[in-house]
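Keep the model open beside the text as you read.

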Amino acid sequence: MRSVIMHAPGDVRVEKREIPTIIEPTDAIIRVTAACVCGSDLWPYRGAETVDHQPMGHEYVGVVEQIGDQVNNIQVGDFVVGSFVASDNTCEICQAGYQSRCVHAVMMGSIGTQAEYARIPLADGTLVATPGQPDPDLIPSLLAASDVLGTGWFAAVAAEAGPGKTVAVVGDGAVGLLGVLAAKQLGAERIIAMSRHADRQALAREFGATDIVTERGDEGVARVRELTGGLGAHSVIEAVGTQEAMMQAIRSTRPGGHVGFVGVSHGVQLPGDELFFSTVHLHGGPAPVRRFLPELIQLIWDRKIDPGKVFDLTLPLEDAAEAYAAMDERRAIKAMLTF
Ligand SMILES: [Zn+2]
């Protein structure tokens, strides 16, 4: 099968690999029908994480080809969406809604779903079947549910976005934009998107942003405070993972407010004294996408949300290198790979 392999930073190739087979009786093999490049795939691409001949990709939708003897909830032929973390969905951590930290968690990035086939561990707990075979135009949105939508959703939930709340969103990548969509769905009254790119601002507005702040850092914080009577937002989503973004999120939050942070943290150091006096709630981490999948799939199926709009570039798998380059250079918000 064809598969995306990152040989080294900046060196993405499509190469032949063996088609995966069932290893554990709880596995399923899916034929991947669409995959995509994640903002987090750019960390190794840019050399910020080590990488050496790594099969890439952790977002996926597809059709079940084979199931192990102990798989009961999923049938061959089902169209399925899964999270970027495989989970049993039965342990205490999963039952509490934190499937991304399941005691048996397997990171799908270690398997690589930018490939024609993928082995899905813990298939019963990981995969959710759609109500039927989806119309082709629903595929991008279902694919978004696998990570970016689920992650933006978790960020909004962690930030306690809801009726009467002002939500600020730091980061205008796909996750930040879908954090806007999630905040809107959760009933937020006002949504401030922080972005300096016209195309991303337009999509943020389409997803429900009521205000746009183009300033960053301390100036961005000052602008959010200005828009909120000097208090700061009730809820702030951090969808970048850098020191600047994290501090911008904390400082934009009013005392008693909530920060939902989902940007993969790189070198973030929180000053204890400032954290102490900020009086904010911090909650985040790798999103337990599996918690939200049934609800998100239904919203997409019923055409109530269209998160697939974050894909502004669609390329055949063969052109994966260009998909990475376009996202790295911010020519694309998010790139989908088709087969
Ligand atoms: Zn679990």
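Before looking at any pair of helices, here is how the angles work: axes are lines fitted to C-alpha atoms, for helices over the stretch in contact, and angles run from 0 to 180 degrees between N-to-C directions. Helices (H or I, at least four residues) and strands (E, at least two) are DSSP runs, numbered from the N terminus. What you have is a predicted model, where local features need pLDDT of at least 70 and side-chain atom pairs count only at pLDDT 80 or more, while totals for chains, interfaces and linings use all residues. Residue numbers start from 1 along each chain as its sequence is written.

Start with α5. The axes of α5 and helix α11 (residues 289–301) come within 9 Å and cross at roughly 105°. On the α5 side, L149, G150, T151, W153 and F154 make the contact, and on the α11 side V289, F292, L293 and L296 do. Two residues are in contact here if their C-beta atoms, placed from the backbone, lie within 7 Å. Sorted by type, the residues of this α5–α11 contact are seven nonpolar, two polar and no charged. In that sorting Ala, Val, Leu, Ile, Met, Phe, Trp, Tyr, Cys and Pro count as nonpolar, Asp, Glu, Lys and Arg as charged, and the others, Gly among them, as polar.

Now look at α5 again, this time with α6. Helix α5 (residues 148–158) and helix α6 (residues 174–185) have axes that come within 7 Å and cross at roughly 55°, so the two helices are oblique to each other. The crossing is right-handed, a label used if the near helix is turned clockwise from the far one by less than a right angle, with anticlockwise making it left-handed. From α5, the residues V148, L149, T151, G152, W153, A155 and A156 meet A174, V175, L178, G179, L181, A182 and A183 of α6. This contact divides into 11 nonpolar, three polar and no charged residues.

A further helix pair is worth a look. Helix α8 (residues 217–227) packs with helix α9 (residues 243–251) at an angle of about 20°, their axes 9 Å apart, and α8 and α9 are therefore roughly parallel to each other. Their crossing is right-handed too. G217, G220 and V221 of α8 make the contact with E244, Q248 and R251 of α9. By type, that gives one nonpolar, three polar and two charged.

What sheet do some of these helices sit on? An open sheet of six strands runs in the order β13-β12-β11-β14-β15-β16, with parallel pairing; strands pair if DSSP finds at least two bridges between them. β13 (211–213) and β16 (281–284) stand at the edges with a single partner strand each, so one side of each has no neighbour in the sheet. From one strand to the next, the twist averages 20°. Inside the sheet, four bridges join strand β11 (residues 166–170) to strand β14 (residues 233–238), which run parallel, and A168 stands opposite V236 in β14. Helix α5 lies across β11, β14, β15 (253–261) and β16, at about 160° to β15. Helix α8 touches β11, β12 (190–194), β13 and β14, and its direction makes about 155° with that of β13.

I5 has R13 as its bridge partner in β2 and P55 as its bridge partner in β4. The hairpin of β1 and β2 has two residues between the strands, and G10 takes a positive phi near 75° there.

Note on methods: Angles under 35 degrees count as roughly parallel, over 145 as roughly antiparallel, 65 to 115 as roughly perpendicular and the rest as oblique.
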